[in-house]
Structure formats: C-alpha cells, structure tokens
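Student: Hey, can we go through this one together? Show me the structure and I'll start asking.

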Amino acid sequence: MFRLLLEKHDRELMKKNNRMLVFDMILKCRPISRAEIAKKTGMSAASAGRIVADLIEFGLVKETEQYSSGVGRKATMLDIDVDAFIAIGIHVDRNVVKVGLVNLDGQIIAEEKRHMRKEESGPSAVADHAADLVRRLLARHPLGSSKLIGVGVGLPGIMNTAEGTVVFSAQLEWRNARFAKELEARLHLPVVLDNDLKVKALAESAARSIGTEGTTALVSIGSGVGSALIIGQQIYRGANNFAGEIGHSTVDPNGRLCECGKRGCLQTYITDLAMLQEANQVKPVSDMNELLEMMRSGEHWARNIIERACTYAAVTINNVVCVYNPDTIILTGEFIEDHAGIFEMIQQKLAELVWGPFGGTFRVVRSQLRDKSVMIGAARLVLQQRFDQGLDISI
C-alpha cells in the first residue's frame, strides 16, 4: 500500500514539474511549436501536447498566427500573454515592506516600498502597511479581479507554509504569527508565504532557466546568513521546512551569543553586525562602508576582519557543496552585493578551501535579480501553487 502511495506521489510530482517545465520553455523560447517543446524537454509528443492543451485551456498559453518554417508539415507556434495574469509579490524585512505587481514573465510592472519604525513592526501593523501598499498599486494600475491570481510573501525566518504561519523570525521578533490570515482578511485574496531566501532562490533559478535536472544553492550573507536549495524547479524544504538555516549552524559552542539565544552560530562571525562589533573594539566604525574604506586605506586590523569574514563565507560554501553537490552557487546578500571586491575575495578564498574532488564541478555566480528577487520569487510561488493545484487559477 505504501509503495502504491509513493508511486502515486512521484507521478503527481512529475506531472507538476513537467507542467512548469513546459510553461517555462514556452516563456523563454516563445514562439515555439509543440514538436520543439517535446524535443527540448525529452517528453513524448503526446505528453507535451496534453500539457500544452491544459495551459491553453486555463489561459496561460495561446496559439499564434505564426507557423514553423522547417521541412515537412507546418506547425502552429505557441506564445504567452505575459500580462494575462498578475501575482502580487511582497518582501517583508526587518524595517521595510516592498510590494510589486509581477507578470508571468517575472517582470515587476509596478512597485512600492515603505520603511517602518521598530514600534510598528508587529504582524498586524506590517499587514496594514502591506495591504495599504497593495491598494495604492492597484489604484495606480487597475487590473480587475480576474487578472489577480494571489499574493506571495517572503519573510526571514521559519515558516509553516501550509498554515501560512511565521513559526519564528529572529529578525522580525515574531513567533507563531498567522500572517497569511492577517493579509487575506485585508486584501480578500489568497496568500501564500515562505522564507525569503527560499523564494529568492526560486526566482534566481527561474531567471537562469535552470531545468528539471539543475540543482541550485543560494547562499546569502548580510544582516543574517542563510541558504536555500532548488532541485529542478522545486524548493527543497526538509522535513519541517527548516532546511537552509545554515546561519544557525554551530561554529563554536562557547562563542558569541546569537540573537536566536544559542552561542557560536555561524552568523555571529560573518554578518554586518558581527563585523562592526569587532571593529568597534579597535576604533569607532559606523557602518560597513566605513570599515571597507579603512581596509582599502591600509588599516591591517580592518583587512583582518573582512578577510576572516570572507574565509568563513568560503567555508560555508564549501560545506554546502560537500553536502548537496549543486551545479550552481548563487551568492547574494548586502555584504556581497553592496560592496565592490567582496565577491572576488570570497572566490579567492574558495579556490583555496574547496575540497579537491569538487573542484570544477560547480560555478559561483552573483545574484541576477538583486533586491527585486524576493518579490519576484514570492509571486512565482503563487503561480507554482496554482500549478500544484491543477492549474485552477480562479480565486
């Protein structure tokens, strides 16, 4: 009985993955024929045809007036109306809310953001801010309810995606917050939420057209440290959706106290805050730009702090590579994206530290979508959820 259930689960998962694969193939290669889709994906012509028929039925794909020009029978080409459906992507961070209207091509067609004071950063207050920003966007860009397929939210912390609950977020200081319900009550739209790095990795892997065989690991270093893994086009979650919390792996059990309450977490060594705390033991330093400027001006103690952080970053990447064997590592986060030369320093350290058998088996790249990636990934999560539900995009 268990074997039958497992086989059924595997078939359903393959069906969902194939739907997304065909949709992405049309999106990236449009216009394209059914025969080309079958050839590029390795599916049978009948399987590709059935998926295309489903996508057409639900308004995601359309036949064009163009025809293939190859030898033999001409085939009708397929295209996508990227603005046929719009998802709302929301990024909630420690002191800011960003909201974007995102089309099927992963393009943000309009966005708003608002900075918040600490005293207005509770779940209800943030839901008020997010809902207000959504209403402002829709007032400026009226879409009609038939175009909106839902709301996706990316937040730092551990999420129960099935219940729409923020189980714990050290950055936001939330615990067991039913944030999806808070937003649904204000917007009257379905809301799905997930960890910010998981949706960021989802957006980045889609932007790079990584297919069903690709394995992408995202490593983020900035105000926190985290990672996420995309296998094919699916987020790897682990048993309880906790996978990726690498910032709270233990480096030294007798080390510094982390904001999570445990000692010696990795992120107490390589976050912006950790570096600034160490720097201020030597002389007053207000921000990372100042610390980096001191390093460039020849301050050896400043270089030691930055180089040690880059070494820990390289160790982190090596550990991710050894555990997951990805073909692509995406480096992201303020430490890497906002400061020239850091990416290259980490690459240099990684060349020295990566375990021999893994040398040359993966590539290290920068974030392609940068500060837009969480909004785009959260919106893609909405679309993926609709695919998982059998392409029912009605709300």
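Student: How many cavities of 30 Å³ or more does a search of the whole structure find?

Tutor: One. Keep in mind that this is a predicted model, where local features need pLDDT of at least 70, side-chain atom pairs count only at pLDDT 80 or more, and totals for chains, interfaces and linings use all residues. Residues are numbered from 1 along each chain as its sequence is written, and side-chain values use heavy atoms, with hydrogens and water left out.

Student: What counts as a cavity?

Tutor: On a 1 Å grid over the protein atoms alone, it's a set of points where a 1.4 Å probe fits but cannot get out; lining residues have an atom within 4 Å of a point.

Student: OK, how much space lies in the largest cavity?

Tutor: About 60 Å³, taken as the space filled by probe spheres set on the points, which are joined across faces, edges and corners.

Student: Which residues line the largest cavity?

Tutor: Among them are Ala217, Ser227, Tyr236, Gly244 and Tyr324. Strand S13 (225-231) gives the most to that lining, with three residues.

Student: New topic: which residues touch the most other members in the largest nonpolar core?

Tutor: Val22, Phe23, Ile26, Ile37, Leu55, Leu60 and Ile80, out of 43 residues. Such a core is a set of buried (under 20% relative accessible area, 1.4 Å probe, protein chains only) Ala, Val, Leu, Ile, Met, Phe, Trp, Tyr and Cys residues joined through side-chain atoms within 4.5 Å.

Student: And which element gives the most to this core?

Tutor: H1, with seven residues. A second, separate core has 42 residues, including Leu266 and Met294.

Terms used:
Buried means under 20% relative accessible area, exposed over 50%, partly exposed in between (1.4 Å probe, protein chains only). Helices (H or I, at least four residues) and strands (E, at least two) are DSSP runs, numbered from the N terminus. On a 1 Å grid over the protein atoms alone, a cavity is a set of points where a 1.4 Å probe fits but cannot get out, and a pocket is an open set with protein on both sides within 12 Å along at least five of seven lines; lining residues have an atom within 4 Å of a point.
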